[in-house]
Amino acid sequence: MLESLKRLLAKPGKQHGASAPLVLRAPRQQPASRGLAFAAELEGCAELRVHVLADKVRLAQCMPTPLPFIPMAILLAARAGRDLHIESPVDDAWWLTLREALAPLVAAYYDFREPALTREQRAEAPPPSGSSRGLLFSAGVDSFFSLGRIQAAGTPPDCLICVNAGAHGPHQHAFTRKLAVVEEIARAQGLAALAVDTNFHDLFPLPHIKAHTFRNFSATLALHPIVGQLVYSASSVFEEIDWKGSKAERLSALDHLVTGSLLPPSLAVTHVGWGTTRVAKTAEVAGIPLAEAFLDVCARQRYQAERPADAPPNCGECPKCLRTLLTLEYFGALPRFATCFPRGLAGARRAEMLVKLGASANPLDREVVTLLSKGASGAPDGR
């Protein structure tokens, strides 16, 4: 059996077509005024870049690594209809996962051609990363819910991880503001704050709801030397796990499948919230004092980048803002979040919100409409 496994791992992938494969070069460090910046060239395609921000102690443990670039190179090769050769050494356990799970998943989900993968050489299996537990944190409902749950379980995070979800160019200031909020929350909790910025959103510019898990988890691999367990906030519930629906609408219902196919075995990931509806999460978050001051659910990066310094962090108009406003109102918690949103829900505005959400196919929007149809407010009957 061992010899059979060795032959499988050594065997090159099937080559497709006549085009030469794309080549992912080894990473190299780049100049940075702050933090650690490194890049890897995907020859014939693009340069992939990562910028890590952390305290001096953790930054000293960080180093340029090929890990964040390899999954993204597979995405880009699949989109280009090309095979991929990885110049950096890759250990057998992750290599098998990349070949037999990630490459076919990317091809099936996006209807790309599956790239054949080859590697320059084998690497020894890396030791598990450090014992640090990091919670991916955006200051939204899911993030605050997960923070409360893992603290209640007696397994608090050691750090909060903020990943730039695509705020580049004229919207870069939105990420700067987001990071400042995450850092303030981390300080209030006695935690470290880590951040990862990349150009993955520019190179693979699909809508956030169709690509965020691939891009964001690739980015977090830059922290692999210093974070041993990632805690991720699920935004779907078990009942929404559906391949066809996820392809048509949003990737989040397959997050567990993506992380299992993308992350190396030496990095653990825990999903929090699969058994709790967004309505129930919002009701729970309404009781967290830090959330009352810092809740940030807004999906409009332009608003967040350009708003005056004294303006609320949420626009109050995008679907995420609308459903959060209506849910907080339903449970009588909206007055406590007055500084987070620009205005209330009087009369015609409330009716307009309901019309927008009622016309949506998003299950999170439909969930709020169903909640409000029940009439009187009270404790959520979700899990």
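Predicted model: local features only at pLDDT ≥ 70, side-chain atom pairs only at ≥ 80, totals over all residues.
Q: Is the pair of Tyr109 and Trp243 stacked or edge-to-face?
A: The two ring centres sit 5.9 Å apart, and the planes make an angle of 80 degrees. Planes over 60 degrees apart count as edge-to-face. So Tyr109 and Trp243 are edge-to-face.

Q: How many residues apart are Tyr109 and Trp243?
A: Tyr109 belongs to helix α4 (residues 92-110), while Trp243 belongs to helix α9 (residues 243-248). The pair therefore links distant parts of the chain, and the separation is 134 residues.

Q: What about Phe238 and Trp274: are their rings stacked or edge-to-face?
A: Here the centres are 5.8 Å apart, with the planes at 20 degrees. Planes under 30 degrees apart count as stacked, so this pair is stacked.

Q: Where does Trp274 lie, and is Trp274 buried or exposed?
A: Its partner Phe238 is in the loop between β12 (229-233) and α9, and Trp274 is in the loop between β13 (268-272) and α11 (278-285). Phe238 is exposed, at 52% relative accessible area. Trp274 has 8% relative accessibility, so Trp274 counts as buried.

Q: Which side chain makes a polar contact with the side chain of Ser235?
A: Ser235 lies in the loop between β12 and α9, and is buried, at 17% relative accessible area. Leaving aside neighbours within four places in sequence, Ser235 is in contact with Asp142, Arg250, Ser252, Arg278, Lys281 and Leu364. The polar contact, at 3.5 Å, is with Ser252.

Q: What is the volume of the largest cavity?
A: The structure holds two cavities of 30 Å³ or more. Among the residues lining the largest cavity are Val141, Arg278, Thr324 and Leu364, and α11, α14 (319-330) and α16 (363-373) each give two or more residues to that lining. By class, the lining has four nonpolar, three polar and three charged residues. The volume is about 50 Å³.

Q: Which helix gives the largest share of the lining of the second largest cavity?
A: This cavity has a volume of about 30 Å³, and Glu317, Leu322, Arg349, Glu352, Met353 and Lys356 line it. The lining divides into two nonpolar, no polar and four charged residues. The largest share, four residues, comes from helix α15 (residues 347-358).

Q: Which element supplies the largest share of the lining of the largest pocket?
A: The largest pocket has a volume of about 1,300 Å³, and 50 residues line it, with Ser138, Ala165, His208, His212 and Lys320 nearest its centre. The lining divides into 23 nonpolar, 16 polar and eleven charged residues. Elements that each supply at least two residues include α5 (141-152), α6 (172-189) and α8 (208-220). The largest share, five residues, comes from α8.

Definitions and conventions. Residues numbered from 1 in each chain as written. Heavy atoms only, no water. Phe/Tyr/Trp six-rings, centres within 6.5 Å; stacked < 30°, edge-to-face > 60°. Buried < 20%, exposed > 50% of the residue type's maximum accessible area, 1.4 Å probe, protein only. Polar contact = N/O pair within 3.5 Å; in protein donor to acceptor, adjacent residues only side chain to side chain. Contact = heavy atoms within 4.5 Å. 1 Å grid on protein atoms, 1.4 Å probe; cavity = no way out; pocket = protein on both sides within 12 Å on 5 of 7 lines; lining within 4 Å. Points joined across faces, edges and corners; volume = space filled by probe spheres on them. Nonpolar A, V, L, I, M, F, W, Y, C, P; charged D, E, K, R; others polar.
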